[in-house]
Amino acid sequence: MTAQVEALCRRYPDLEPCKGSIEQAIVMLVRCYGNGGKVLVCGNGGSASDSEHVVGELMKGFMKKRPVPSQVQTRLVEMFGAHGEYLANQLQGALPAISLVSHTALLTAIVNDVADSMVFAQQVYGYGRPGDVLIGLSTSGNSKNVIHAMQVAKAQGLRTIGLTGASGGEMNDVCDVIIKVPYQFTPEIQERHLPIYHTICIALEEEFFDV
């Protein structure tokens with residue numbers, strides 16, 4: 001995993017100050033997945049798109065094909081014949097992750113019936129289990145709905161990782177690990193978040209899928 005972070009910092013020397021926190025985040029996520037946990041991800045606007053992007057890299061092959069274990073393949077073929085063979089060949093190994101920005105009916109119900117600042121917190125309460133990890137993206141570090149999600153996560157026994165801009169904002173107080181890219185301007189912050197979470201996803205894939 002260190003090699004991936006070193007490579008990131010060679011490509012983006014301005015991210016050298018983030019090196020330690022990125023490595024801490026990877027260690028936390030390896031522990032989460034190694035213990036059978038899952039990852040929840042949330043953010044607003046461009047960071048909402050990033051949340052879905054992260055899940056897309058974790059839930060299927062990213063840099064590797066991730067074939068499913070042979071016992072799964074055998075069971076599918078035994079149960080469903082040619083259809084099972086097709087499934088066995090198409091399925092890919094997954095690192096369980098849920099984007100909290102993607103459930104339109106639920107999000108609008110929470111906004112309408114409860115409060116807009118609770119759209120992620122309610123989902124963390126419903127999905128989260130001790131040992132899971134919540135990743136929150138906020139360029140300011142002050143997004144109320146992300147902060148509330150982090151607070152519920154901590155109360156529920158989840159670990160928390162934040163991706164923010166230089167100050168970290170209120171997320172400094174609710175993140176177990178916070179990755180603060182050294183920029184103030186929203187586009188520049190988001191432009192650095194992408195290679196960071198790509199690096200994290202690659203490191204996780206290499207840890208759990210050795211083909």
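A: On the surface, Met79, Phe80, Tyr86, Leu87 and Leu91 make up a nonpolar patch, and their accessible area together is about 520 Å². Such a patch joins Val, Leu, Ile, Met, Phe, Trp or Tyr side chains within 5 Å, each residue having over 30% relative accessible area and no salt bridge; like charges are joined within 9 Å. Areas come from the Shrake-Rupley method with a 1.4 Å probe, with only the protein chains shown as cover.

The model is predicted: local features need pLDDT of at least 70 and side-chain atom pairs 80 or more, while totals for chains, interfaces and linings use all residues. Residues are numbered from 1 along each chain as its sequence is written, and side-chain values use heavy atoms, without hydrogens and water.

Phe80 sits in helix H4, which spans residues 70–90. Helices (H or I, at least four residues) and strands (E, at least two) are DSSP runs, numbered from the N terminus. Phe80 counts as partly exposed because its relative accessibility is 44%; buried means under 20%, exposed over 50%, and partly exposed lies in between. Leu91 belongs to the loop between H4 and strand S2 (97–99). Leu91 is also partly exposed, its relative accessible area being 41%. From the C-alpha atom of Leu91 to that of Leu134 is 26 Å, although 43 residues separate the two along the chain.

Inside the protein, a search of the whole structure turns up one cavity of 30 Å³ or more. A cavity is a set of points on a 1 Å grid where a 1.4 Å probe fits but cannot get out, and its lining residues have an atom within 4 Å of a point. The volume of the largest cavity is about 80 Å³. Among the residues lining this cavity are Leu29, Val39, Ile135, Leu163 and Tyr197. Helix H3 (46–58), strand S3 (133–137) and helix H8 (186–208) each give two or more residues to the lining. H8 has the largest share, with four residues. By type, the lining consists of 11 nonpolar residues, no polar ones and no charged ones.

Charged side chains come next. A salt bridge places a side-chain nitrogen of Lys or Arg within 4 Å of a carboxyl oxygen of Asp or Glu, and the count comes to eight. One of them joins Asp132 and Lys38, with 2.7 Å from N to O. Asp132 is in the loop between helix H6 (121–127) and S3, and Lys38 in the loop between helix H2 (19–34) and strand S1 (39–43), so the pair ties together parts 94 residues apart in sequence. Asp132 and Lys38 are both buried.

Glu205 and Arg66 form another salt bridge, with their closest N and O atoms 2.7 Å apart. Because Glu205 lies in helix H8 and Arg66 in the loop between H3 and H4, this pair ties together parts 139 residues apart in sequence. Glu205 and Arg66 are buried too.

In the salt bridge between Glu170 and Lys144, the closest N and O atoms are 3.1 Å apart. Glu170 is in the loop between strand S4 (159–164) and strand S5 (177–180) and Lys144 in helix H7 (residues 144–156), so the parts tied together are 26 residues apart in sequence. Glu170 is partly exposed at 31% relative accessible area, and Lys144 is partly exposed at 45% relative accessibility.

Definitions and conventions. Buried means under 20% relative accessible area, exposed over 50%, partly exposed in between (1.4 Å probe, protein chains only). On a 1 Å grid over the protein atoms alone, a cavity is a set of points where a 1.4 Å probe fits but cannot get out, and a pocket is an open set with protein on both sides within 12 Å along at least five of seven lines; lining residues have an atom within 4 Å of a point. Grid points are joined across faces, edges and corners, and a volume is the space filled by probe spheres set on the points. Ala, Val, Leu, Ile, Met, Phe, Trp, Tyr, Cys and Pro count as nonpolar, Asp, Glu, Lys and Arg as charged, and the others, Gly among them, as polar.
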